[in-house]
Amino acid sequence: MKQKKIPMRQCLGCREMKPKQSLVRVVRSPEGAISLDARGKASGRGAYVCRDMECLKKARKSKALERSLETSIPDEIYDRLELEMEAARDGG
């Protein structure tokens, strides 16, 4: 039986290649709206970050998400990412 290939993506914080399922996808829709894509299926340009506060902080500081998505990212998006990561970490 052939092993299914696991899609790998690079985290914009730590710059490590990781399985796509273990990362959070931030997507810029064709209309230009920035949102979090839990399922990884939303149409638009996607960027990935580990489910880790340190990676998110690094990505925010270096403006890696802005560069990757080619647009400015409102603070609300970062705040929502942080809240989701805290909830995930606390087992919620």
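At the start of helix α1, a side-chain oxygen of Asp 52 lies within 2.7 Å of the backbone nitrogen of Glu 54. The model is a predicted one, in which local features need pLDDT of at least 70, side-chain atom pairs count only at pLDDT 80 or more, and totals for chains, interfaces and linings use all residues. Residues are numbered from 1 along each chain as its sequence is written, and side-chain values use heavy atoms, with hydrogens and water left out.

Helix α1 spans residues 53–61; helices (H or I, at least four residues) and strands (E, at least two) are DSSP runs, numbered from the N terminus. The buried residues of α1 are Met 53, Cys 55, Leu 56 and Ala 59, where buried means under 20% relative accessible area, exposed over 50%, and partly exposed in between (1.4 Å probe, protein chains only). These residues lie on the same side of α1 because they cover an arc of only 160° around the axis, the arc being that of the directions from the helix axis to the C-beta atoms. Their cover includes β5 (45–50), α2 (64–69) and α3. Just after α1, Lys 63 has a positive phi of about 55°.

Arg 80 belongs to helix α3 (residues 75–89). Arg 80 counts as partly exposed because its relative accessibility is 39%. Apart from neighbours within four places in sequence, Arg 80 is in contact (heavy atoms within 4.5 Å) with Ile 34, Ser 35 and Leu 36. Between the C-alpha atoms of Arg 80 and Ser 62, which are 18 residues apart along the chain, the separation is 18 Å.

How values were computed: Polar contact = N/O pair within 3.5 Å; in protein donor to acceptor, adjacent residues only side chain to side chain.
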